[in-house]
Amino acid sequence: FFFPSRQQSSFPTMNNLLEKAKSMSKVVVDSGAKTMLKTDIVFLEREVKTRKQKFGVEIYDLMAQLEVDDGMSVDEKEGKIRLSFDQARKDISVIQAKIDSKKEEMTKTEVVDAFASGTSGAPGVEIPADHQPAAATIVTE
């Protein structure tokens, strides 16, 4: 009987299959993380909009109340409006900081993915296929 020799390249090895499975699972996890970040950002942006709407209602009610309250000076009325605005601005700043943090995290994930896939993420810059990163030196004292 004649048995033709098997060439390694025509049949995937177990190591190749494991590497491909690991690679695919990383893509799924990264995709899920990005989707979660995008969802978080959408909810936070909705929270900003809701807070701004609440501020509008607060100011309307406050101004309507202050219009009929003749016992207060203009400075006191302006102070109440300023207090409401400052609180809304503070609340929105906290939410916006969370949004910025999520966007930064997404950017970092995209950069890491770009380097892992062999692209730089920067237009016009390409990492050669044979590129080997420099060895890192850790200095401890």
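Among contacts in the protein chain (heavy atoms within 4.5 Å) between residues at least 6 apart in sequence, 65% join residues at least 24 apart. The model is a predicted one, in which local features need pLDDT of at least 70 and side-chain atom pairs count only at pLDDT 80 or more, while totals for chains, interfaces and linings use all residues. Residues are numbered from 1 along each chain as its sequence is written, and side-chain values use heavy atoms, with hydrogens and water left out. The secondary structure consists of two helices and zero strands; helices (H or I, at least four residues) and strands (E, at least two) are DSSP runs, numbered from the N terminus.

**Overall surface and burial**

- The protein chain has 141 residues, of which 14% count as buried; buried means under 20% relative accessible area, exposed over 50%, and partly exposed in between (1.4 Å probe, protein chains only).
- The accessible surface of the chain is about 11,900 Å², and carbon and sulfur atoms account for 60% of that area. Accessible areas come from the Shrake-Rupley method with a 1.4 Å probe, and for residues only the protein chains shown count as cover.

**Nonpolar core and surface patch**

- The largest nonpolar core comprises eight residues, namely Leu37, Ile41, Leu44, Val48, Ile92, Ile95, Ile99 and Met106. Helices H1 and H2 each supply at least two residues of this core.
- A nonpolar core is a set of buried Ala, Val, Leu, Ile, Met, Phe, Trp, Tyr and Cys residues joined through side-chain atoms within 4.5 Å.
- Leaving out residues up to four places away in sequence, Ile41 touches Ile99, Lys102, Lys103 and Met106.
- On the surface, Met14, Leu17 and Leu18 form a nonpolar patch with about 310 Å² of accessible area together. Patches are made of residues with over 30% relative accessible area and no salt bridge, with like charges joined within 9 Å and nonpolar side chains (Val, Leu, Ile, Met, Phe, Trp, Tyr) within 5 Å.
- Leu18 belongs to helix H1 (residues 14–68), and its relative accessible area of 44% makes this residue partly exposed.

**Salt bridges**

- The structure holds six salt bridges, each defined as a side-chain nitrogen of Lys or Arg within 4 Å of a carboxyl oxygen of Asp or Glu. Side chains of opposite charge can pair when their charged atoms come close.
- One of the salt bridges joins the side chains of Lys102 and Asp40 at 3.2 Å, N to O. This pair links distant parts of the chain, with Lys102 in helix H2 and Asp40 in helix H1, 62 residues apart.
- Both partners count as partly exposed, Lys102 at 24% relative accessibility and Asp40 at 23%.
- Arg89 forms a salt bridge with Asp86, and the closest N and O atoms are 2.9 Å apart. Arg89 and Asp86 are separated by about one helical turn because they lie three residues apart in helix H2.
- Arg89 is partly exposed at 43% relative accessibility, and Asp86 is partly exposed with a relative accessible area of 28%.

- Arg51 is located in helix H1 and counts as buried at 9% relative accessibility.
- The side chains of Glu58 and Arg51 meet in a salt bridge at 3.7 Å, N to O; Glu58 counts as partly exposed at 26% relative accessibility.
- A network of salt bridges links Arg51, Glu58 and Asp91.
- Residues up to four places away in sequence aside, Arg51 touches Glu58, Gln87, Ala88, Asp91 and Ile92.

**Lys77 and its surroundings**

- Lys77 lies in helix H2 (residues 74–116).
- A polar atom of the Lys77 side chain lies 2.9 Å from the backbone oxygen of Leu66.
- Apart from neighbours within four places in sequence, Lys77 is in contact with Leu66, Asp69 and Met72.

Note on methods:
Polar contact = N/O pair within 3.5 Å; in protein donor to acceptor, adjacent residues only side chain to side chain.
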